[in-house]
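User: I would like to learn how to read charged features in a structure, beginning with the surface and then moving on to individual pairs. Could you take me through them step by step?

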Amino acid sequence: MWQITETDTYLKNLRKLKRSGLEKDRLVVAIKYLTSKDDPTLCGTPKSYNLKYHYAYELGRSIRLIFRVDKESKIIWFVNIGNHKDVY
C-alpha cells in the first residue's frame, strides 16, 4: 500500500476547491484508486517541462490532481489540485 504526503500548495488549493463545491466523493475515490495500484504512475498523464516527473489525474472535466511518485519509499506526493488552467 502506498503512503500519501500532501504539500502545502496542495492543501491550500484543496481548501479553495472545497469552498467552491468540489465533490469530496470524487477525491476520495481517486485517492483510493491511486493508492491501490501497484504503479500509480500508470493512472496519470505524465507531465513535462517544469512538471517533469509529475503526473496529472483528472477529477472531472476541469479539475486536476497533480502528483509525484517515489517508488522506492512507496510514497505518493500530492503536489497540487485545481482547475486545469491554474495548476499548470
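User: Which helix gives the most to the positive patch?

Analyst: Bear in mind throughout that this is a predicted model. The largest contribution to the positive patch comes from helix α1 (residues 8-19), which supplies five residues. The patch of positive charge on the surface gathers Lys12, Arg15, Lys16, Lys18, Arg19 and Lys24; of these, lysine 24 lies in helix α2 (residues 24-36), and its relative accessible area of 59% makes it exposed.

User: How many salt bridges are there?

Analyst: The general idea is a distance test, in which a side-chain nitrogen of Lys or Arg has to come within 4 Å of a carboxyl oxygen of Asp or Glu. By this rule the structure has two salt bridges. In one of them the side chains of lysine 71 and aspartate 39 meet, at 3.4 Å from N to O. Lysine 71 sits in the loop between β4 (63-70) and β5 (75-83), whereas aspartate 39 sits in the loop between α2 and β2 (45-46), so this pair ties together parts that are 32 residues apart in sequence. Arginine 64 forms a salt bridge with glutamate 58, and there the closest N and O atoms are 3.9 Å apart.

User: Are arginine 64 and glutamate 58 buried or exposed?

Analyst: The reading rests on relative accessible area, where under 20% means buried and over 50% means exposed, with partly exposed in between. Arginine 64 counts as buried because its relative accessibility is 13%, while glutamate 58, with a relative accessible area of 51%, is exposed. In the other pair, aspartate 39 is partly exposed, at 23%.

User: What does lysine 52 touch, not counting residues up to four places away in sequence?

Analyst: A contact list of this kind leaves out the close sequence neighbours, and with those set aside lysine 52 touches Lys47 and Arg68. Lysine 52 lies in the loop between β2 and β3 (54-58), and it is partly exposed, with a relative accessible area of 49%. Although lysine 52 and arginine 68 are 16 residues apart along the chain, their C-alpha atoms are separated by 9.3 Å.

User: Which residues is asparagine 13 in contact with, leaving aside its neighbours within four places in sequence?

Analyst: Reading the list in the same way, asparagine 13 is in contact with Asn80 and Ile81. Asparagine 13 lies in helix α1, and at 15% relative accessibility it counts as buried.

Methods
Residues are numbered from 1 along each chain as its sequence is written. This is a predicted model: local features need pLDDT of at least 70, side-chain atom pairs count only at pLDDT 80 or more; totals for chains, interfaces and linings use all residues. Side-chain values use heavy atoms; hydrogens and water are left out. Patches are made of residues with over 30% relative accessible area and no salt bridge: like charges are joined within 9 Å, nonpolar side chains (Val, Leu, Ile, Met, Phe, Trp, Tyr) within 5 Å. Accessible areas come from the Shrake-Rupley method with a 1.4 Å probe; for residues, only the protein chains shown count as cover. Lys and Arg count as positive and Asp and Glu as negative; His and the chain ends are not counted. The place of a charge is taken as NZ of Lys, CZ of Arg, CG of Asp or CD of Glu. Helices (H or I, at least four residues) and strands (E, at least two) are DSSP runs, numbered from the N terminus. Buried means under 20% relative accessible area, exposed over 50%, partly exposed in between (1.4 Å probe, protein chains only). Contact means heavy atoms within 4.5 Å.
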